[in-house]
Amino acid sequence: MRSKALAVMLAALVMLAVLPARGTAAEPIRIGAIFSVTGPAAFLGEPERNTAKMLEEDLNKAGGLLGRKVEVVVYDDETDATKAVTAVDRLIKRDRVAAVVGPSTTGSTLAIIPKVEEARIPLVSCAAAKRIGDPVKKWVFKTPQNDELAVKKIYAYAQKAGVTKLALVTASDAFGAAGREELKALAGQYGLSIVADEVFGPKDTDMTAQLTKIKGTEAQAVIVWGTNPGPAVIARNRVQLGIKTPLYMSHGVASPKFIELAGPENAEGILLPAGRLIAEEQVPAGHPQKKILAAYIKDYEARFKQPVSTFGGYAYDAIQLIAQAIRNTRSAEPTAIRDGLERIRGFWATTGEYNFSAEDHAGLTEEAFVMVRITKGAWEILK
Amino acid sequence: MSFVAQLLQYVITGATVGATYGLAGLGFTVIFNATEVINFAQGEFVMLGGMLAVFALRWGGLPLPVAVLGSVLLVSGVGVAVDRLTIRPLRGRSVISLIIVTIGVSILLRGGAMLVFGKDTFALPPFSSGTPIAVGGAAMLPQSLWVGGVTLLTLLLMKLYFDRTLLGKAMLACACDRKAAALMGISVDGMVTLSFALSALVGALGGVILAPITLTSYDVGILLGLKGFAACALGGLGNPFGAVAGGVILGVLESLAAGLLSSGYKDAVAFVILLLLLFLRPAGLFGGRRVERV
């Protein structure tokens with residue numbers, strides 16, 4: 001027994017001695033990733049994980065970065081901020097990554113920010129809340145559009161349509177609450193007054209009561225802020241109650257799943273801001289995003305045999321931005337990547353055009369959104 | 001929309017949702033009547049009913065009525081399996097340990113459903129045409145009539161079963177006194193198995209008729225189980241009529257609270273009223289007083 005244990009220890013020692021020596025020449029560039037592959041936010045994390053793995057393969061097929069292989073180390077935080085913190089510790093201390101992508105949710109992102117700041121590792125988050133990039137944190141960037149941009153897009157459209165009185169129905173989770181704050185804060189700028197402010201639980205199965213109450217007000221438009229399945233239930237209840245008031249939704253439901261859950265007849269006519277990814281075929285051929293979107297959709301769907309989602313695009317953009325920063329600075333050191341990210345201008349990806357600067361680590365404008373209408377179960381980009 | 005029409009709408013909505021709390025509650029009642037155990041996997045039976053029907057329809061390509069009936073019967077089988085594999089081996093243990101076992105079963109069933117069906121939400125098509133019916137200014141889905149009808153029918157059958165049939169009375173006898181029931185020649189084990197089958201059947205029925213209205217996913221059982229239990233407590237544990245009435249009352253209270261007060265405090269209002277009621281009438285609205293003979 002003893003000799004066996006000794007042999008194992010010896011083997012381990014030899015391995016330790018050999019590994020770094022072999023590594024110096026072709027040590028891969030390690031990029032860490034934390035996604036909510038399981039748990040309630042799995043609809044975000046699963047396509048993000050798939051996309052990250054796909055890009056790792058694609059980058060390596062094209063010869064890697066700076067002549068080195070790229071390795072994307074993915075951990076699942078199970079939609080739990082505590083697990084995200086454990087994962088980021090492991091990425092920093094054990095995997096020694098040069099940059100971190102994700103997490104998928106705002107809660108997890110806010111939880112790991114102190115860790116990456118302490119370790120001085122750049123983080124490119126795939127979560128949407130404005131708080132992540134405002135005020136600007138030296139080491140933190142993000143790829144999704146701010147909620148604020150979505151609200152502005154909706155308000156500008158509603159204002160043009162002659163709406164002055166609004167009803168809000170928001171989910172009582174982090175996404176809904178953040179949206180509600182922005183909706184209330186920005187209404188005045190667009191000459192809109194809020195006549196009803198209702199909420200629903202993310203697990204509620206019937207919103208007839210809230211809609212009935214709104215039916216009794218003078219609201220000219222209803223804005224719903226939440227992620228599936230709540231908004232789908234609202235779309236069904238609205239038709240059931242015969243409410244004809246125009247219905248706006250957030251970018252949180254910009255996926256084919258929403259139309260499937262609500263039923264095409266109930267989703268008809270709903271207006272929402274969305275990234276161009278979901279209606280790629282309607283993006284004009286000359287648009288700078290056209291080629292990027294077409295390639296991403298084709299690759300993803302060929303590889304995973306499932307439709308692409310906007311959320312996977314956030315991970316796509318995050319990794320491409322880091323790759324671009326590494327190419328630009330010709331270095332894969334964390335500090336160089338951070339500086340490189342901050343200097344990225346006019347970089348088109350699946351979500352929009354990124355223009356980072358020392359004052360802006362979110363990098364997008366309202367242009368990243370288009371207004372779409374759901375027509376006969378499909379997305380129609382509005383002019 | 002006039003205020004009266006609004007009120008009517010709140011009541012219709014609340015009663016529809018409440019009916020399913022009641023159906024979940026009925027399931028609690030059956031097992032409680034046979035074993036005095038509160039089966040916390042009841043919500044999972046409701047979930048399985050809806051999910052299996054969805055998947056029989058999607059993967060199996062079965063017609064809707066077959067999918068619905070098949071799913072309900074299959075879940076009933078799951079109920080039997082739960083009894084055979086987890087409850088029967090622990091026969092003779094205290095009621096509280098059996099209750100804890102049912103919590104474990106519920107976690108297992110939920111996890112299993114997540115692995116098999118995935119984490120998405122699904123919709124089942126309505127049983128009859130989807131155009132809403134107008135009732136005095138309020139709107140009602142045809143599916144709501146299905147929910148109401150099936151709930152009333154189930155309740156009626158259950159009442160007849162426990163009051164009029166020998167089998168039902170034998171089941172009640174098992175809860176009252178196991179030993180005496182066994183001495184009278186009642187197969188206690190058989191009765192317990194039957195109660196699990198029946199309660200799973202009723203739960204699955206609730207899940208399947210509700211799925212077209214409220215959508216379904218692997219984790220809907222937690223909330224439905226909780227609300228079903230609350231419905232039971234409100235109506236008086238062990239009383240089938242009380243469970244359904246309790247469910248409807250709870251549903252209507254929630255809906256009125258959301259409409260008239262604030263949608264943010266919907267659940268809080270309903271549960272505060274429940275707590276107050278239980279404080280004033282610990283046996284529930286329709287629960288008879290229990291007399292302990294020493």
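Two strands are taken to pair if DSSP finds at least two bridges between them. Helices (H or I, at least four residues) and strands (E, at least two) are DSSP runs, numbered from the N terminus.

The structure is a predicted model, in which local features need pLDDT of at least 70, side-chain atom pairs count only at pLDDT 80 or more, and totals for chains, interfaces and linings use all residues. Residues are numbered from 1 along each chain as its sequence is written, while chains are lettered from A and ligands numbered from 1 in the order in which they are written.

**Domains of chain A**

Chain A comprises domain 1 (28–145 + 292–365) and domain 2 (148–274), with bounds that come from an automatic or database domain assignment. Taken over C-alpha atoms, the centres of domain 1 and domain 2 of chain A are 30 Å apart. Nine residues of domain 1 of chain A are in contact with 10 residues of domain 2 of chain A, contact being defined by C-beta atoms, placed from the backbone, that lie within 7 Å. On the side of domain 1 of chain A that touches domain 2 of chain A, there are three nonpolar, five polar and one charged residues. In this classification Ala, Val, Leu, Ile, Met, Phe, Trp, Tyr, Cys and Pro count as nonpolar, Asp, Glu, Lys and Arg as charged, and the others, Gly among them, as polar.

**Sheets and backbone of chain A**

S3(A) and S4(A) run parallel and are joined by two bridges, with Val100(A) opposite Leu123(A) in S4(A).

Elsewhere in chain A, strand S6 (residues 165–171) runs parallel to S7(A), joined by seven bridges. Val169(A) lies opposite Glu198(A) in S7(A).

Most residues other than glycine have a negative phi, and most peptide bonds are trans. The following table lists backbone exceptions.

| Site | Value |
|---|---|
| Gly102(A) to Pro103(A), cis peptide bond | omega near -10° |
| Asp134(A) to Pro135(A), cis peptide bond | omega about 0° |
| Arg96(A), positive phi | phi near 50° |

Pro103(A) belongs to the loop between strand S3 (99–101) and helix H4 (106–119) of chain A, and Pro135(A) to the loop between strand S4 (123–125) and strand S5 (140–142) of chain A.

**Chain interface and a helix pair in chain B**

Between the chains, 26 residues of chain A are in contact with 22 residues of chain B. H7(A) gives the largest share of the side of chain A that touches chain B, six residues. That side has nine nonpolar, 11 polar and six charged residues.

Within chain B, the axes of helix H6 (residues 166–176) and helix H8 (residues 188–214) come within 10 Å and cross at roughly 110°. H6(B) and H8(B) are therefore roughly perpendicular to each other, a term for angles of 65 to 115 degrees. Residues of H6(B) in this contact include Met171(B) and Cys174(B), and those of H8(B) include Val192(B) and Leu194(B). The contact of H6(B) with H8(B) has seven nonpolar, one polar and no charged residues.

Note on methods: Two residues are in contact if their C-beta atoms, placed from the backbone, lie within 7 Å. Axes are lines fitted to C-alpha atoms, for helices over the stretch in contact, and angles run from 0 to 180 degrees between N-to-C directions. Angles under 35 degrees count as roughly parallel, over 145 as roughly antiparallel, 65 to 115 as roughly perpendicular and the rest as oblique.
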